[in-house]
Structures are given as C-alpha cells and as structure tokens.
Amino acid sequence: MREGRLDNAALGQALADVIGHLGNARLVDRLASLLHVLVPANDIMVVVYRRGQPPELLYDQSAGLEGAANLELYLKGAYLLDPFYRAFADGVAPGCYRLKQLAPAAFRSSEYFRLHYARTGISDEIGYLLEPTADMCVHLSVGVREQQSRISAAQHRRLLDFEPLFAAIVRRHWAPHDAIVSRAINTQLDSALKFFGHDFLTDREVEVIQLLLRGHSTKSIAERLRISPETVKLHRKHSYAKLDVSSQAELFHLFIDALGSYQGGDPLTGYLSH
C-alpha cells in the first residue's frame with residue numbers, strides 16, 4: 001500500500017477526539033479514526049477478548065467478502081484458532097504484532113484460514129493486543145484487502161511508536177468499567193480446544209490434533225513435540241480414524257460443531273451424546 005506522509009493536522013484532531021470521548025461509547029469510533037490517520041487501511045476492527053467468552057466486536061469497518069455468515073462462524077468458535085486470540089489466551093506479552101509474527105508457518109494452509117480468514121479478503125494485518133485487566137484484551141486491528149498489498153515496514157514502525165498511547169487510552173477507558181468475572185467461568189471456553197478429543201484420543205494424539213487445528217505443519221508439529229514427521233503422520237492417521245473424519249476440513253467442522261453444546265471437559269463427549 002502507498003506510504004503517504006502523516007497529516008499532522010488530522011492527527012491532532014484525531015487525538016483530540018479520542019481524549020474528548022474517553023469514558024463514553026463513541027470512543028471506539030474515534031480510536032478507529034485515529035488508526036486510519038496513522039495507517040490509511042481499508043479494514044479496521046476493534047474487538048474485546050475476555051477469557052472463555054466469545055469476542056465482542058465493537059467496530060468493523062468492513063464485513064469482508066461474505067459478511068454476516070463469516071462473522072457468525074468466527075463468533076461460534078473459530079476465534080479460538082485466531083492467532084491474535086491465541087496469543088492473548090496463551091499469555092503472549094501485550095504489544096503490536098504483524099499476523100505473521102503470531103501465526104504458525106502453515107497458517108495459510110489451515111482450515112481456519114481457508115474457511116474463515118481468506119473470506120475476509122485481508123491480505124496483510126497488524127494488530128495491537130492491549131490488556132487493561134488480567135482477563136481482558138482489546139484487539140485493535142489494521143488490515144488491507146487489496147490483492148498482494150502489504151502494510152509497509154515504516155507504517156508498522158509508526159504503529160509501534162504509538163503503542164504506549166493506545167495502551168494508556170485502553171487502560172483509562174476499559175479498566176474502570178470491566179466487570180469482575182470468575183476465572184473458573186472465564187476459562188471454560190478456552191479449555192474447549194485444550195480438551196478437544198481428550199476422551200477419545202491418547203495424550204499425544206490430542207497434542208497433534210490441537211496443533212493441526214491451529215495451522216501447524218507436520219514439520220512444525222514434529223519440532224514442537226520432538227518427534228519425527230512420520231510419527232506425526234501416524235498420530236494424525238489414528239486420530240482421524242478414531243474421530244471418524246478423513247480430512248482437516250472435516251476435523252475443523254467437527255471442532256466448531258462440538259462447541260455448540262459445550263459444558264466443560266472434552267466438547268466431543270457432550271456433542272456425540274446428543
């Protein structure tokens with residue numbers, strides 16, 4: 001995407017608008033406007049993550065190519081495989097990240113990418129992960145949707161430079177109003193991925209299936225688990241047979257469908273008993 005010189009007058013006005021709306025609902029729109037001044041992207045989103053709860057979409061400049069259906073899939077449970085959500089859930093430090101810094105090497109070959117992310121039309125994304133409280137994260141996403149378009153290194157640097165400002169704004173706006181929710185309840189949905197297949201597979205097979213769902217390649221899984229690629233393939237074959245699926249696409253749909261009746265433990269147990 002074109003670099004463009006930062007418009008200081010527009011920046012000053014955007015900052016004034018943000019400060020003027022701290023503490024009220026219109027702040028989110030003002031944050032989006034400030035992001036657009038910094039990087040003239042065509043896809044800006046503001047999402048709140050709370051552990052174990054579906055994401056709360058506060059601002060979406062573009063619904064993407066398939067709109068409501070794609071968003072429904074994401075909120076139904078696909079978000080659990082989102083590299084930005086996973087970074088928050090797995091305890092990655094708050095900051096400003098390119099998607100490729102957080103995503104597994106085979107992310108673009110994953111079913112999450114094919115069935116959800118690719119349908120957003122986003123070709124490059126940088127996002128803030130900002131945590132006003134221990135169990136809450138505000139994700140500010142800047143994306144571009146033109147084919148082969150990328151956010152430049154200079155624009156990434158600009159977003160990094162403004163990270164302390166956005167972190168302070170998020171703390172001031174969200175921390176005083178965030179409800180205190182029991183951690184036991186908060187972590188329930190997060191455990192769905194952790195325990196998926198636990199009642200039907202061996203511990204090692206569960207680890208392989210989790211990493212497959214998150215977009216890791218056979219090589220990446222082998223390196224993480226310190227086993228050979230052939231052993232990974234064998235675990236995958238056995239897991240597919242036990243779960244009665246024949247592809248990564250069927251595995252992805254089984255995971256999403258099982259979340260619909262999730263009550264804790266292995267989501268498959270409740271799903272298959274219905």
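Please keep in mind that the model is predicted.

In soluble globular proteins, nonpolar side chains tend to be buried together. Here, the largest nonpolar core has 52 residues, and Tyr49, Phe196 and Phe255 touch the most other members. Another core, of 32 residues, lies apart from the largest one, and its members include Val18, Ile126, Val142 and Leu159.

Now look at helix α11 (residues 203-213) and helix α13 (residues 229-243). Their axes come within 9 Å and cross at roughly 95 degrees. Because of that angle, α11 is roughly perpendicular to α13. On the α11 side, Arg204, Glu205, Val208, Ile209 and Leu212 take part in the contact. They meet Val232, His235, Arg236, His238, Ser239, Tyr240 and Lys242 of α13. What kinds of residues make up the contact of α11 with α13? They divide into five nonpolar, three polar and four charged residues.

**Rings that pair**

The structure holds eleven aromatic pairs. A pair of aromatic rings is described by the distance of the centres and the angle of the planes. Here are two of the pairs:

| Pair | Centre to centre | Between the planes | Arrangement |
|---|---|---|---|
| Phe107 and Phe113 | 5.5 Å | 75 degrees | edge-to-face |
| Tyr128 and Phe166 | 4.9 Å | 35 degrees | tilted |

Both Phe107 and Phe113 are buried. Is Tyr128 buried or exposed? Tyr128 is buried, because its relative accessible area is 1%, under the 20% cut-off. Phe166 counts as buried too, with 0% relative accessibility.

Rings can also join into a cluster: ring pairs link Tyr49, Tyr74, Tyr79, Tyr85 and Phe88. You have already met Tyr49 among the residues that touch the most other members of the largest nonpolar core.

**A serine to finish**

Finally, find Ser191 in helix α10 (residues 190-195). Ser191 counts as buried because its relative accessibility is 15%, which is under 20%. Not counting residues up to four places away in sequence, Ser191 touches Tyr262 and Gly265.

Conventions. Residues numbered from 1 in each chain as written. Predicted model: local features only at pLDDT ≥ 70, side-chain atom pairs only at ≥ 80, totals over all residues. Heavy atoms only, no water. Core = buried A, V, L, I, M, F, W, Y, C linked by side-chain atoms within 4.5 Å. Buried < 20%, exposed > 50% of the residue type's maximum accessible area, 1.4 Å probe, protein only. Axes fitted to C-alpha atoms, helices over the stretch in contact; angles between N-to-C directions. Helix = DSSP H or I, 4+ residues; strand = E, 2+ residues; numbered from the N terminus. Parallel < 35°, antiparallel > 145°, perpendicular 65-115°, else oblique. Contact = heavy atoms within 4.5 Å. Nonpolar A, V, L, I, M, F, W, Y, C, P; charged D, E, K, R; others polar. Phe/Tyr/Trp six-rings, centres within 6.5 Å; stacked < 30°, edge-to-face > 60°.
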